[in-house]
Amino acid sequence: MQVCLFDASVDTVHGHSMVLQTAMPMILGYFVYDLALAAFVSGSAMEKLMVVHHSLCIMVWPISFHYRTGCFYILYMMAAELSTPFLWLVVYFLPRYKITGPVYILLGLVMVLVFFVIRILPGPALLNSLISSQIYWKGVNPAIYWLAMITLPLPSLLFTYWFVRILQGMVGALASDKKD
């Protein structure tokens, strides 16, 4: 099996994206909405981490976009939000309205698969690209460089933590279904 790795000759640091320019205001607005929703739905540790994660995105992404540094990573993280509707549906809304049974199980499995493919699977390649692209960070303002080096690995770590929590919840839900 071959693993997707970035060659050092690929500049994942510099660049400008019209997609990012267009989508940035929408995603930042969505994060503000998502933060408000999380504040009203639940106060668990998982949501507290999500609040920290989204708050950092709201602060760091505009800086990265302004300096045209690391936009590739922001585009990936924006794409990772494609799994969020499944997460909200399965973790919050279906349980809130007591929807269970085959529909809940099917949507839960879809959520786990989508979360894994979009958020977990690319993690090692993204971290590898961060390491292999160090030559392109040389001309970047040191404050921006260190901001990127500290914040860019965080989503992969948080995604992995959340995925483990999702799997634990899924196993717990399936185990409770068998007891009933």
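Colleague: How many helices and how many strands are there in the chain?

Modeller: Welcome! Please keep in mind that this is a predicted model. The chain has nine helices and zero strands, so along the sequence its pattern reads α-α-α-α-α-α-α-α-α.

Colleague: What does the C-alpha trace span along its principal axes?

Modeller: About 60 × 40 × 25 Å. Within the chain of 180 residues, 38% are buried. Take the contacts between residues at least 6 apart in sequence: 79% of them join residues at least 24 apart.

Colleague: Let's turn to helix packing. How do I describe two packed helices?

Modeller: You give the angle between their axes and the distance between those axes. Here, helix H4 (residues 84-96) packs against helix H5 (residues 102-120) at an angle of about 145 degrees, and their axes are 8 Å apart. The crossing of H4 past H5 is left-handed.

Colleague: Which residues make that contact?

Modeller: From H4 you can find Thr84, Phe86, Leu87, Leu89, Val90, Val91, Leu94 and Pro95. H5 brings Tyr104, Leu107, Gly108, Val110, Met111, Val114 and Arg119. Sorted by kind, the residues of this contact are 12 nonpolar, two polar and one charged.

Colleague: Why do residues three or four places apart in a helix point the same way?

Modeller: Because an α-helix has 3.6 residues a turn. With that in mind, look at the buried residues of H5: Gly108, Met111, Val112, Val114, Phe115, Arg119 and Ile120.

Colleague: What span should the 19 residues of H5 have?

Modeller: At 1.5 Å a residue, H5 should span 27 Å. The C-alpha atoms at its ends are 26 Å apart, so the two values agree.

Colleague: Is H3 mostly covered or mostly open, and how many of its residues are buried?

Modeller: H3 is mostly covered, with seven of its 10 residues buried. They are Cys71, Tyr73, Ile74, Tyr76, Met77, Met78 and Ala80.

Colleague: Which residues touch the most other members of the largest nonpolar core?

Modeller: That core has 42 residues, and the ones touching the most other members are Met24, Ile27, Trp61, Tyr73, Met78, Trp137 and Leu152. At least two core residues come from each of helix H1 (18-41), helix H2 (45-66), helix H3 (71-80), H4, H5, helix H6 (123-132), helix H8 (142-151) and helix H9 (153-179). H1 gives the largest share, eight residues. To follow one member, select Met24: leaving out residues up to four places away in sequence, Met24 touches Trp61, Pro62, Phe65, Ile74 and Met78.

Colleague: Why does Val60 count as buried?

Modeller: Buried means under 20% relative accessible area, and Val60, at 12%, therefore counts as buried. Val60 sits in helix H2. Setting aside neighbours within four places in sequence, Val60 is in contact with Leu147 and Thr151.

Colleague: What is the phi of Lys98?

Modeller: Lys98 has a positive phi too, about 55 degrees, although it is not a glycine. Look for Lys98 in the loop between H4 and H5. Its relative accessibility is 68%, so Lys98 counts as exposed.

Technical notes
Residues numbered from 1 in each chain as written. Predicted model: local features only at pLDDT ≥ 70, side-chain atom pairs only at ≥ 80, totals over all residues. Heavy atoms only, no water. Axes fitted to C-alpha atoms, helices over the stretch in contact; angles between N-to-C directions. Helix = DSSP H or I, 4+ residues; strand = E, 2+ residues; numbered from the N terminus. Left-handed = near helix turned anticlockwise from the far one by under 90°. Contact = heavy atoms within 4.5 Å. Nonpolar A, V, L, I, M, F, W, Y, C, P; charged D, E, K, R; others polar. Expected span 1.5 Å × (residues − 1). Buried < 20%, exposed > 50% of the residue type's maximum accessible area, 1.4 Å probe, protein only. Core = buried A, V, L, I, M, F, W, Y, C linked by side-chain atoms within 4.5 Å.
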